[in-house]
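I opened this notebook to record what I looked up in the model. The entries follow the order in which I consulted it.

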Amino acid sequence: MNLNKTIMILIMGMVLACGLFSCKKAEETALDQDTELIKTDVKESKEGFDKRMSWWRKARFGLFIHWGLYAVPAGEWKGETKHAEWILTTAQIPVSEYEKFALKFDPVNFDAAKWVGMAKDAGMKYIVITSKHHDGFSLFDSKVSDYDVMDATPFKRDLLKELAEECRKQGIKMCWYHSIMDWHHPDYLPRRKWETRSTEGADYDRYIQYMKGQLKELVENYGDIGVLWFDGEWEHTWNYEKGKDLYAYVRSLDPDIIINNRVGKGRAGMAGTYDPGASSGDFGTPEQEIPATGLGYDWETCMTMNDHWGYNKHDDHWKSTKDLIQKLADIAGKGGNFLLNVGPTSEGLFPQASIDRLAAIGQWMKVNGESIYGTKASLFEKLDWGRSTTKKNTLYLHVFDWPEDGKLKVPGLLNKPESLFLLADPGSELDFHHEGNSAVVELPETAPDPINSVIVLKFAAGPKVISSKYIKTE
Ligand code: GLC
């Protein structure tokens with residue numbers, strides 16, 4: 001082979017290699033762009049998704065309200081007292097009889113300003129209320145239904161309009177819980193097994209059109225709506241495709257709205273987990289439970305303060321304020337939101353135990369809210385004495401169990417903060433040193449808060465934390 005030939009082959013090889021290389025490059029770029037696309041059913045960049053979710057992620061704490069005709073029987077039917085918002089089904093009340101509760105639904109004490117005020121004072125940033133629960137009754141003036149507060153009750157005031165206006169005034173996001181399952185609408189299928197209503201002529205697609213009609217009213221007539229929180233998606237008549245379509249429909253009405261994962265078919269029961277790449281919805285919905293760790297995507301735990309969502313006058317099994325405040329820190333420390341429920345009476349009042357708990361949480365939030373709002377999950381695997389949250393260069397230590405020897409051990413915290421103080425007393429400067437791989441904070445003798453005292457550590461360039469599983473004795 002002469003020299004020219006060799007040079008030619010070499011040059012061709014280089015061109016080919018370059019070609020291949022640039023192909024590879026292009027492929028990589030395309031892939032990068034693809035990973036930018038959040039695989040919700042409406043195409044959206046990661047940046048767009050983050051922007052849409054940003055108020056919700058900052059908020060961290062919201063109020064759930066379960067309110068409807070079931071507040072009238074208040075959990076009791078024929079001497080049995082275990083019921084609540086499911087009473088139509090759990091007590092097997094025929095629809096025609098259940099409808100009569102509407103005549104007694106007259107919440108004369110309802111005061112939107114007070115309700116929103118209680119949520120706001122508790123430190124909550126959004127309210128999710130049942131526009132329609134499984135019983136099919138609507139709390140708003142729906143033009144596509146007569147089974148609503150305007151047409152079926154003596155009250156005849158659009159409760160959701162009053163609440164939405166008040167939310168706007170007080171800077172709280174208004175959100176709707178809307179049940180896909182509907183035990184009242186004649187087109188909804190399946191019927192409860194014990195029911196005697198005929199299914200002849202029932203048309204599930206027509207039911208979906210009806211539901212979409214209501215959703216259009218709810219999204220378009222009440223100002224800015226933060227979240228559409230679906231539920232009742234588990235029946236066999238609902239499927240993946242319908243969820244996908246409903247998600248796209250609601251986003252077409254309002255591109256900025258946030259939708260929970262119960263719009264689709266992907267939820268794993270009470271754990272509320274799902275695969276956001278494969279099923280519709282923007283966040284997971286653990287119910288009555290807090291996941292052991294973060295989920296790797298957005299999530300919100302919803303929880304009752306006692307044992308029922310709707311009002312049950314016999315239910316006195318209230319969680320303590322301590323428990324609720326620590327749960328809030330636990331959830332924030334795992335990167336989730338907390339949606340805490342109140343079930344008002346048919347007169348329009350929050351149960352006193354709920355009022356007391358909201359007020360007590362509010363006291364704590366007034367001092368410590370900054371350690372919850374806009375924070376990210378803990379950098380620590382486990383902290384024996386409490387929880388932790390982070391925000392930019394700041395680390396918050398939530399101390400549930402104040403150490404008796406005044407030394408708070410923070411395992412794996414490698415660097416020294418620029419300043420270190422109690423959130424309840426920003427003037428306090430605490431001492432800090434290292435003992436092996438643990439940082440030690442010197443605490444005053446008594447905890448500023450017996451439930452959860454927050455310590456703030458500010459770092460020049462953020463905290464450096466190493467997980468204990470990576471620390472070898474060597
Ligand atoms: C359940 C119940 C319902 C309640 C909801 C709250 O799915 O069916 O009554 O509204 O949980 O998450």
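**Entry 1: α8 and α9**

I listed the contact between α8 and α9: Tyr204, Asp205, Ile208, Met211, Lys212, Leu215, Lys216, Val219 and Glu220 in α8 meet Lys242, Asp245, Leu246, Tyr249, Val250 and Leu253 in α9. Contact here means heavy atoms within 4.5 Å. By class, this contact has 9 nonpolar, no polar and 6 charged residues. In this classification Ala, Val, Leu, Ile, Met, Phe, Trp, Tyr, Cys and Pro are nonpolar, Asp, Glu, Lys and Arg are charged, and the others, Gly among them, are polar.

I note that this is a predicted model, in which local features need pLDDT of at least 70 and side-chain atom pairs count only at pLDDT 80 or more, while totals for chains, interfaces and linings use all residues. Residues are numbered from 1 along each chain as its sequence is written, and side-chain values use heavy atoms, with hydrogens and water left out.

I then looked up the geometry. The axes of α8 and α9 (residues 240-253) come within 10 Å and cross at roughly 25 degrees. The axes are lines fitted to C-alpha atoms, for helices over the stretch in contact, and the angles run from 0 to 180 degrees between N-to-C directions. The two helices α8 and α9 are therefore roughly parallel; angles under 35 degrees count as roughly parallel, over 145 as roughly antiparallel, 65 to 115 as roughly perpendicular and the rest as oblique. The crossing of α8 and α9 is right-handed, that is, the near helix is turned clockwise from the far one by less than a right angle, anticlockwise being left-handed.

**Entry 2: the whole chain**

I recorded 11 helices and 16 strands in the protein chain. Helices (H or I, at least four residues) and strands (E, at least two) are DSSP runs, numbered from the N terminus. Of the 474 residues, 54% count as buried; buried means under 20% relative accessible area, exposed over 50%, and partly exposed in between, with a 1.4 Å probe and protein chains only. Among contacts in the chain with a separation of 6 or more, 68% are between residues 24 or more positions apart. The accessible surface comes to about 21700 Å², of which 54% belongs to carbon and sulfur atoms. Accessible areas come from the Shrake-Rupley method with a 1.4 Å probe; for residues, only the protein chains shown count as cover.

I found that the axes of α5 (residues 112-121) and α7 (residues 159-170) come within 9 Å and cross at roughly 45 degrees. Helices α5 and α7 are therefore oblique to each other, and their crossing is right-handed. Ala112, Ala113, Trp115, Val116, Gly117 and Lys120 of α5 meet Glu162, Leu163, Glu166, Cys167 and Gln170 of α7. I counted 6 nonpolar, 2 polar and 3 charged residues in the contact of α5 with α7.

Helices α10 (residues 321-333) and α11 (residues 352-368) pack at an angle of about 50 degrees, with axes 10 Å apart. That makes α10 oblique to α11. The contact is made by Thr321, Leu324, Ile325 and Leu328 of α10 and by Arg357, Ala360, Ile361, Trp364 and Met365 of α11. These residues divide into 7 nonpolar, 1 polar and 1 charged.

**Entry 3: buried loop residues**

I located His83 in the loop between β3 (61-65) and α3 (87-90). At 1% relative accessibility, His83 counts as buried. Leaving aside neighbours within four places in sequence, His83 is in contact with Gly75, Glu76, Trp77, Thr90, Ala91, His308 and Asn312. His83 and Asp315 are 232 residues apart in sequence and 9.8 Å apart in space, C-alpha to C-alpha.

Gly336 is in the loop between α10 and β9 (337-342) and is buried, with a relative accessible area of 1%. Beyond its neighbours within four places in sequence, Gly336 is in contact with Arg60, Trp299 and Ile331.

**Entry 4: backbone details**

I noted a cis peptide bond joining Leu189 and Pro190, with omega about 0 degrees. Pro190 is in the loop between β5 (173-179) and α8 (204-220).

Lys392 has a positive phi of about 45 degrees although it is not a glycine. Lys392 lies in the loop between β10 (386-391) and β11 (394-399) and, at 82% relative accessibility, counts as exposed. Lys156 also has a positive phi, near 50 degrees, and at 48% relative accessibility counts as partly exposed.
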